[in-house]
Amino acid sequence: MIPRRTVRFWPRHFAASGVRAGIGAAILAASSCGVAFAGAERTPTVQADVPMAGPEASRDNGITQDSPHRGGTLRLTADAPGGTLDPQINYTSEYIQLFVNMYDGLVTYRQADGTGGLEVVPDLAETLPEVSPDGLVWVFRLRDNLRFSNGAPVTVDDVVTSLRRIYRVGSPTALSFYGNIVGAKACLTDPAHCALEGVSADPQTRKITIHLVEPDGEFLQKLAFPHAVILPKETPATESALTPIPGTGPYRITAYDPSHRMEIGRNPYFRVWNPDAQSEGFVDYILYDFGLSDEAEVTAIEQGQYDSMLDAKPQDRLGELGARYTSQVHLQPLLGLYYLALNVHEPPFDSLEVREAINHAVDRHAMAILYGGSAIAEPLCQIVPHGIAGADIPCRFGKATPEGVWKGPDIDRARSLIRRSGRAGQSVTLVVPNQAIALGMGVYLRNMLQSLGFKASVRPMTPATAEGYARNSDNHVQISLSYWYADYPSPSSFLDALLGCENARPHSEASTNASGFCHPELQSLMVQAEHSLEAERSRGLWEQAGSLAMEQSALVPLIQMRYVDFVSRRLGNYHYSLLNHMLISRIWVQ
């Protein structure tokens, strides 16, 4: 997912959050001073913070009305807004972290720390679905007496219309996540007349039935993704970019100025129906301000002006945070990677030899250092981050151990491939987000490209525009630096999202496949893996797909990151979801 969150599977550690944060901060301080940059094959295992136990820290019924911690205003900051307010279109971590507290699907991920947050639980549906033995028919039952934030009742008609709207509004996952529903093909071809025959409902029994064309072992996880949230049936089938749509969660947007601020308050019609899915939340209001640089954001949190920031923490501030703000730093696992997208339709990257050369030449240790050090980043030589079943494959690039562990770049081999390709001397422009970390990486990568014989330059762009610009084939971007987080815990969140044929959409900023790459054999392996209902067979297919993807080198994985959360002194009851970062409904402010 575009600048989105989440997660490497590490064992949960049951300890007080202050202690856990202190360990994370100490590692940051050491790393930023250059103590632990190189040498290790894998960075130290750092478990997620777990908040202090007690009846106020964990409210099993999800109700906070009797808590002394209820109330107050949470103050958030980001360098720029997160794009459209339409929850079925927005694909950024910045707003999805908020939307999960405003909107609900039939199912969702449990609000929990660690691996517990990867479990799908019933949300607007009473229970998990009944699934036919062949995996083609899914039956849900809608909860009774639910209301949207505008007071309208939630009905099965809202469910059917919302699922149909995914295609009509042009959700970026309409094909990749929901294209297997009966009738989806016609909806994708002619969205305005989408009927989606595969979804039906019975108002008397409140049952919703979904028919699939083929089995999909990941369909439940896809339904739990926020693009499948349920909206009022009157919601226009056109994008609602600046106007909030009513939802069912504990919070709602009350005012929005994308140049300045988002204001969020409580949904007066919310009630707890499943505390695993939604709780009331502690804070009464959330103010989200835009416009500060990442450096200014850190300073503002230090001074107590804000409680949390979305953006990556600048490398030059990590030592300061680790040394002076130990109890306010939370070092968390993150299933995400930085990577280079090489456009296979633009010279010189239409040459496989050139693409292979880049994979051999890049110094992944240097990338980890530029991100902030080995405490929060590690070299990555596969497209799927470590920790997902079917992801780990031997590295075939650079200097690797006999076991296939990447140890360093191989410049000589890279230069040999460039000479063989005949592409030396060509001009290459690298597009990067205009942020401190990406700029540092961009300068290094430009120098690397020049050392290989290219006339290389860097083009910084604002983070809000860099992603879409690089993905639109009309802009003829040759190479771009980006990062991606898991939508749900499967290799398809990376391999299919970034290299799937259906995600290489010409002339569209919604194309997540910036390489424009489409390989029939790879596509066949991914389709088989996604349709398989057998875990072991699916794992083997994903391993084959990952190996083939690396052979083709349309992407160059650089590093796998960890997430540094820096919060204000007054923020308490910190909880972290592997898929959505800090759980906003769980924290409180003094």
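**View 1. The disulfide of cysteine 381 and cysteine 395 is right-handed, because the torsion about its S-S bond is about 55°.** In this predicted model, local features need pLDDT of at least 70 and side-chain atom pairs count only at pLDDT 80 or more, while totals for chains, interfaces and linings use all residues. Residues are numbered from 1 along each chain as its sequence is written, and side-chain values use heavy atoms, with hydrogens and water left out. The sulfur atoms of cysteine 381 and cysteine 395 are 2.0 Å apart; a disulfide is a pair of cysteine sulfur atoms within 2.5 Å. Both cysteines sit in the loop between strand 13 (377-379) and strand 14 (399-400), so the bond ties together parts that are 14 residues apart in sequence. Helices (H or I, at least four residues) and strands (E, at least two) are DSSP runs, numbered from the N terminus. Cysteine 381 counts as buried at 10% relative accessibility, and cysteine 395 counts as buried at 9%. Buried means under 20% relative accessible area, exposed over 50%, and partly exposed in between (1.4 Å probe, protein chains only).

**View 2. Cysteine 187 and cysteine 194 form a disulfide.** Their sulfur atoms lie 2.0 Å apart. The torsion about the S-S bond is about 75°, so this disulfide is right-handed. Cysteine 187 is buried, at 1% relative accessibility, and cysteine 194 is buried too, at 3%.

**View 3. A disulfide joins cysteine 501 to cysteine 518.** The S to S distance is 2.0 Å. With 90° about the S-S bond, the link is right-handed. Cysteine 501 and cysteine 518 are 17 residues apart, in the loop between helix 13 (495-499) and helix 14 (520-531). Cysteine 518 is partly exposed, with a relative accessible area of 47%. A search of the whole structure finds 3 disulfides; with the bonded cysteines numbered in sequence order, the pairing is 1-2, 3-4, 5-6.

**View 4. Helix 6 spans residues 294-302.** Its buried residues are Asp294, Glu297, Val298, Ala300, Ile301 and Glu302. The buried residues of helix 6 pack against strand 1 (73-78), strand 11 (308-309), helix 7 (315-324), helix 11 (436-451) and strand 19 (555-566). Contact means heavy atoms within 4.5 Å. Just after the helix, glycine 304 takes a positive phi of about 80°. The views belong to a protein with 15 helices and 23 strands, in which buried residues make up 61% of the 590 residues.
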